[in-house]
Amino acid sequence: GRQIFQPLHTLRNAEKELLPGFHQFEWQPALKNVSSSWDVGIIDGLSGWTTFVEDVPADTISRRFRYDVALVSALKDLEEDIMEGLRERGLDDSICTSGFTVVVKESCDGMGDVSEKHGNGPAVPEKAVRFSFTVMSISIRVEGEDDGITIFQEPKPNSELSCRPLCLMFVDESDHETLTAILGPVVAERKAMMESRLIISVGGLLRSFRFFFRGTGYDEKMVREMEGLEASGSTYVCTLCDSTRAEASQNMVLHSITRSHDENLERYEIWRKNPFSESADELRDRVKGVSAKPFMETLPTLDALHCDIGNATEFYKIFQDEIGEVYQRSNPSREERRRWRSTLDKQLRNKLKLKPVMRMNGNYARRLMTREAVEVVCELVPSEERREALKRLMELYVQMKPVWRSTCPARDCPDQLCRYSYNSQQFADLLSTTFKYRYDGKITNYLHKTLAHVPEIIERDGSIGAWASEGNESGNKLFRRFRKMNARQSKTFELEDVLKHHWLY
C-alpha cells in the first residue's frame, strides 16, 4: 500500500492553489493588528499564547487559517461563479471593479466525545469545537442603482461542501476561558475586516470586496455563551427577547426581538458596575440575565435543527403524558411515568420502526413529528377528544414546520408562510387550554421561539433554514472521518491534517 497521504510541504501545486495562503491580496486600509503578509497557511490557533493550559502542550490544542486568508481562498474558489453571475446579469465585467459585497454565515459548534478509541485505560473526555464559515451571497452595487444586484447565491447553504472550516480546537465548549482565548484572534480579525476593503484579482482584474458577517450557525448553548447570557435553564427563556419563562408561557405568541449584541454589552456594564446599587435580584432583572461579558457578536435567530429536536422532545413528553392521562390527575409517580414511556417506545418501535434513542437526534425528531406518528400514538390514548386534540396539535405543527425549515419559504411554501402567525396562535391556544397541565408557568426555549419569533426573523432575513447550523453539523462527521483515516497520529500534526483535508474536501 503506497502512502497516498502527503504532508503539507509536498502537496502538488494544484492542491496548494486550493488551500488558503496561495493567492495574493491586499486590504485597504490595511487591517488593524493583522499582519499584511498573504502567504499564510495553517497557523497555531493559540498564536501568541505561550502560557500552557494545564498540562496539554499548548501548541497541539488548535489549528486554524487566518480569517482573511481563508476568505480570499473561498472567493477565488468562486471566481468562475462570480464571472458567470456578472455575465448573466448583463454586466460588463471590465466596469465592475468595486462595490462587491460578500455575506458570510459563521457557524460554531462543540462536538462531544471525539476521543481516540484505543482500548482500555481511563476514559478521557476529549471534546472538540469547530468554527467555520459559508459564503452565502455576493452582490454588487452598480452606479445609479440603489439596490445591490445579487451575482452569486449559495444554492446549498446547509451542505458540508459549502461550509469551510476556519478553526479546529480540542476544547470543551463549556470551557469559556480556553474557547475565548482561541477565538479571540478570530474575532479581532473579523472586526478589522469589517472596517476595510479586500482587493483581489478576479477574472484578471483587481476588484474590491467588503464583508458582512452573520453569526447564525450557533445552537442556543453557544449563543448564550458567546453573548454573555445565563445558561439555557435560566428564567430568561429566550436569546431574542427579554421574556421570562412564566411570561412566555402566559403570552405564547406576542413577542418581538429586542436583544442585540450591543445591548448585551451595555447590560453587562450595568451588571458589572451596578450603578443604582440594587440588590442581586433587582440587578439581574434589570439586565435580563446578561451576567458575563459578551464575547462574539451573533445574530439573534432560531437554530432550525435544534428547534426540530427541542420541539420533538416536547411532543414526546406530551405523548407520554397523554398515554397516562395526566390531565386528570396530579403528580404521577416515577414508576408510572417509566411505564408510559416504555409503552410509547414499544408502540413506536413496532409500528414505525423507531428505535428508542438516549438523546433525541435530528433523524428521530423528523420521524416523530409526522401525522403517521401521531396516528400510532393515538391508538394508546383512551379518550376520543384527547386524540382529536393531539391530531390537531400535530396538524398545526406540520403546517408550521416548513416555514422555519426551508431555505426560501417565500418560494417553497408561501401559503404556510402566510398562515404562520394564525397557526401559531391556534397552536398556543390549544396548549394553554387542552394541554394546560404542561404549560402552567413553564415553556421550553425552542417552543417559545417557534411560536413567538419565526415570522419576524423571516421578515428580517428571508429565511431561517438557510442560516441554520446544519452545514457545520454535517462537517462534524467529516472531522471524525478525517481524524480517523487521513491524519498523522502525532498530536502536533493531527489537527493540521484534518483542517487541510477538510478544506480540500
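Predicted model: local features only at pLDDT ≥ 70, side-chain atom pairs only at ≥ 80, totals over all residues.
Residues are numbered from 1 along each chain as its sequence is written, and side-chain values use heavy atoms, with hydrogens and water left out.

A pocket here is an open set of points on a 1 Å grid over the protein atoms alone, with protein on both sides within 12 Å along at least five of seven lines; a cavity is a set of points where a 1.4 Å probe fits but cannot get out, and lining residues have an atom within 4 Å of a point. Grid points are joined across faces, edges and corners, and a volume is the space filled by probe spheres set on the points. On that basis, the largest pocket comes out at about 1,600 Å³. Its lining has 49 residues, and the closest to the centre are H306, I309, R359, M360 and N361. Helix 9 (304-323) is among the elements that supply at least two of the lining residues, and helix 9 gives the most, with nine. Helices (H or I, at least four residues) and strands (E, at least two) are DSSP runs, numbered from the N terminus. By class, the pocket lining splits into 13 nonpolar, 15 polar and 21 charged residues. Ala, Val, Leu, Ile, Met, Phe, Trp, Tyr, Cys and Pro count as nonpolar, Asp, Glu, Lys and Arg as charged, and the others, Gly among them, as polar.

As for cavities, two of 30 Å³ or more turn up. The largest cavity has a volume of about 90 Å³. Its lining is made of 15 residues, with Y218, V223, T239, T301 and K449 nearest the centre. Strand 9 (205-218), helix 5 and helix 16 each give two or more residues to this lining, and strand 9 gives the most, with three. The second largest cavity has a volume of about 60 Å³. V223 and R259 are among the residues that line this second cavity.

Now for the charged pairs. Side chains of opposite charge can pair when their charged atoms come close. Counting a salt bridge as a side-chain nitrogen of Lys or Arg within 4 Å of a carboxyl oxygen of Asp or Glu, the whole structure holds 43 salt bridges. One of these joins K221 to E173, with the closest N and O atoms 3.5 Å apart. K221 is in helix 5 and E173 in the loop between strand 7 (164-169) and helix 4 (176-194), 48 residues apart. With buried meaning under 20% relative accessible area, exposed over 50% and partly exposed in between (1.4 Å probe, protein chains only), K221 is partly exposed at 40%, while E173 is buried at 13%.

Finally, D308, R366, K401, R405 and E470 are linked in a network of salt bridges.
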